[in-house]
Amino acid sequence: EATGDVAGALADFDAALAVDPDSQEARYNRGRTRQLAGDRAGAIADYDAALALRPRWVAALCNRGMVKAESGDPAGAIADYDAALAVDPGYTAVFLNRGNARQALGDWAGAITDYDAAVAAEPGRALVFVNRGNAKQRAGDFRAAIADYDAALAIEPRDPRSLDYRGRAKQAAGDLAGAVADFDRAIDCGPDSGEAHMNRGL
């Protein structure tokens, strides 16, 4: 897998499982390889098998949750993230992913709570501020959303997505001049940003 030979890695894990069908590591690693290769159903099946052998395996729960989220099952993802946190409440990497899944279900308050925890754990990561800003914007709290985009842009000043999102929030808050300025800058930082072009034209 480390060399990019997915087929070879899968063949090795298949061979290992032929010798020892109860190998937790082989089940987990084949699931991870399938996940990286985009085989979501296969990845979930392997994580299911790994968790049947070791039910409190936090990494397997989190990875299965991510695959479920990617497969359009945010509720199933949340169940896995909840189970991971029940085992290890300090596993802070879960909060961003659970926030994303809650946001997919329209649970803005729950998503914001998870993003608060993610921000506390990773205050230097722009993405957690962007995602929290998106949840606040969808909840109608445009000023708070702008503050989060400001924080994200303090970390990554030329991120066109953050600029575009902040422009939308300013537009919704009635600051049209500020919105246009952000859309202009988003286009400057990412000329292929179709969203920024479209939003500036609105």
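This is a predicted model: local features need pLDDT of at least 70, side-chain atom pairs count only at pLDDT 80 or more; totals for chains, interfaces and linings use all residues.
**Notebook: helix packing and an aromatic cluster**

I number residues from 1 along each chain as its sequence is written, and side-chain values use heavy atoms, with hydrogens and water left out.

I then looked up the overall extent, and the C-alpha trace spans about 65 × 35 × 25 Å along its principal axes. Of the 202 residues in the chain, 44% are buried, meaning under 20% relative accessible area with a 1.4 Å probe and protein chains only, as against exposed at over 50% and partly exposed in between.

**Helices α3 and α4**

I looked at how helix α3 (residues 40–53) meets helix α4 (residues 58–70): their axes come within 10 Å and cross at roughly 155 degrees. These axes are lines fitted to C-alpha atoms over the stretch in contact, with angles running from 0 to 180 degrees between N-to-C directions. The two helices are therefore roughly antiparallel to each other, a term for angles over 145 degrees.

I listed the contacts next, taking contact as heavy atoms within 4.5 Å. On the α3 side I find Arg40, Ala43, Ile44, Tyr47, Asp48 and Leu51, and they meet Ala60, Leu61, Asn63, Arg64, Val67, Lys68 and Glu70 in α4. I sorted the residues of this contact into seven nonpolar, one polar and five charged, with Ala, Val, Leu, Ile, Met, Phe, Trp, Tyr, Cys and Pro as nonpolar, Asp, Glu, Lys and Arg as charged, and the others, Gly among them, as polar.

**Aromatic rings**

I searched for ring pairs of Phe, Tyr and Trp (its six-membered ring) with centres within 6.5 Å, calling planes under 30 degrees apart stacked, over 60 edge-to-face and the rest tilted; the count comes to three aromatic pairs. The rings of Tyr28 and Tyr47 have centres 5.8 Å apart and planes at 55 degrees, so I recorded this pair as tilted. Tyr28 is in helix α2 (residues 24–37) and Tyr47 in helix α3, 19 residues apart, and both residues are buried.

The rings of Tyr28 and Trp57 have centres 4.8 Å apart and planes at 25 degrees, so I recorded that pair as stacked. Trp57 lies in the loop between α3 and α4 and Tyr28 in helix α2, so the pair ties together parts that are 29 residues apart in sequence. I close with the cluster that ring pairs form from Tyr28, Tyr47 and Trp57.

Definitions and conventions: Helices (H or I, at least four residues) and strands (E, at least two) are DSSP runs, numbered from the N terminus. Angles under 35 degrees count as roughly parallel, over 145 as roughly antiparallel, 65 to 115 as roughly perpendicular and the rest as oblique.
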